Amino acid sequence: MSDAERAVFQAKTGATVAQMADLETFRLRLTEANEVMNLVGPDSLPDFWNRHAWDSAQLLALAPDALTWADLGAGAGFPGVVLAILLKGRVGGHIWLIDSLGKRCRFLQEVVDAFDLPATVVNGRAEAQTIRCDIVTARAVAPMEKLLGYAQPYFERGAQGLFLKGEKAESELIEARKSWHFEAELAPSQSDPRGRIVTVRSVRRARPQH
C-alpha cells in the first residue's frame with residue numbers, strides 16, 4: 001500500500017490526519033478479517049485506497065449537505081464505514097450499517113466501536129427497517145430492480161438513492177423500469193471508468209405486486 005495512493009486519496013477527499021489514520025487501521029482490520037470471512041475479493045485489497053476507499057468517499061461530493069445515510073447490505077463497510085469516518089465530528093452526521101448476516105455485523109460493530117464512529121449497526125433485512133435518512137446507498141448488493149425494493153421504505157420516508165453500480169448500470173435501469181417508476185441520473189464513477197453512480201428519486205411501483 002504505497003504512500004502515493006494514500007496521498008492521492010487524501011488530496012481528493014480533504015481527509016484529516018486522524019481520518020487517514022482511522023482508514024489505515026480499518027484497512028488492516030479488514031485485511032485480517034478477510035482471511036477468515038471473505039468480506040471482499042482478496043485481489044482487491046492491494047488497491048484499497050482507490051477501489052474501496054475512494055470508490056466510497058466519492059459519494060460525499062454528490063450529496064454534500066446529506067448528514068444521515070443508510071448503507072444497505074453494508075458487508076465489509078463500503079461505502080458506509082468510509083462515509084462514517086469522513087463524517088465523524090460533523091454535527092448530525094450518522095450512518096446506519098444494515099446487513100442480514102450476523103458475522104458481518106459483528107465485524108462492523110467492532111470497527112464502529114474501535115473508531116467511535118457515528119454509526120449504528122443493524123442486523124436485519126434492509127426492507128424491514130423504519131429508518132429515516134437523507135441518502136440510501138448500496139454497493140454490489142443486488143440488481144437495480146431488487147435494490148429499489150429493498151430501498152423503497154427509505155424512499156417513502158424522503159430519502160434519495162445514491163447507488164454504486166458497475167458497467168451494467170444502464171441495462172439494470174431498463175430492466176427496473178418494468179417494475180418501477182422513478183427518476184434516475186447516471187454519473188461516471190471517479191474510481192473506475194467502467195462504473196456508474198446512479199442517483200434515484202421519486203420511486204414508486206409501476207404495477208401492483210401479485
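Helix H1 passes helix H2 in a right-handed crossing, where right-handed means that the near helix is turned clockwise from the far one by less than a right angle, and left-handed that it is turned anticlockwise. The model is predicted, so local features need pLDDT of at least 70 and side-chain atom pairs count only at pLDDT 80 or more, while totals for chains, interfaces and linings use all residues. Residues are numbered from 1 along each chain as its sequence is written, and side-chain values use heavy atoms, with hydrogens and water left out. Helices (H or I, at least four residues) and strands (E, at least two) are DSSP runs, numbered from the N terminus.

The axes of H1 (residues 3-13) and H2 come within 11 Å and cross at roughly 130 degrees; axes here are lines fitted to C-alpha atoms, for helices over the stretch in contact, and angles run from 0 to 180 degrees between N-to-C directions. That angle makes H1 oblique to H2, since angles under 35 degrees count as roughly parallel, over 145 as roughly antiparallel, 65 to 115 as roughly perpendicular and the rest as oblique. In this pair, Arg-6, Phe-9 and Gln-10 of H1 meet Val-17, Met-20, Leu-23 and Glu-24 of H2, contact meaning heavy atoms within 4.5 Å.

H2 (residues 17-37) also meets helix H6 (residues 102-115), and there the axes come within 11 Å and cross at roughly 155 degrees, which makes H2 roughly antiparallel to H6. This crossing, too, is right-handed. Among the residues that meet are Phe-26 and Leu-30 in H2, and Phe-107 and Val-111 in H6. By class, this contact has eight nonpolar, one polar and five charged residues, where Ala, Val, Leu, Ile, Met, Phe, Trp, Tyr, Cys and Pro count as nonpolar, Asp, Glu, Lys and Arg as charged, and the others, Gly among them, as polar.

What lies inside the structure? The largest nonpolar core has 46 residues, and those with the most contacts inside it are Phe-9, Phe-26, Leu-30, Trp-69, Leu-97, Phe-107 and Leu-117; such a core is a set of buried Ala, Val, Leu, Ile, Met, Phe, Trp, Tyr and Cys residues joined through side-chain atoms within 4.5 Å. Helix H5 gives the most to this core, with seven residues. A second, separate core of 26 residues includes Ile-131, Trp-180, Phe-182 and Val-198. In soluble globular proteins, nonpolar side chains tend to be buried together.

Eight of the eight residues of H5 (residues 80-87) are buried, so this helix is largely enclosed by the rest of the structure; buried means under 20% relative accessible area, exposed over 50%, and partly exposed in between (1.4 Å probe, protein chains only). Pro-79 lies in the loop between strand S1 (68-72) and H5, and a cis peptide bond, with omega about 5 degrees, joins Phe-78 to Pro-79.

Most residues other than glycine have a negative phi, and most peptide bonds are trans. Asp-116, in the loop between H6 and strand S3, has a positive phi near 50 degrees and is exposed, with a relative accessible area of 62%. Ser-202, in strand S7, has a positive phi near 55 degrees and counts as partly exposed at 46% relative accessibility. Thr-199, also found in S7 (residues 196-205), is buried, with a relative accessible area of 11%.
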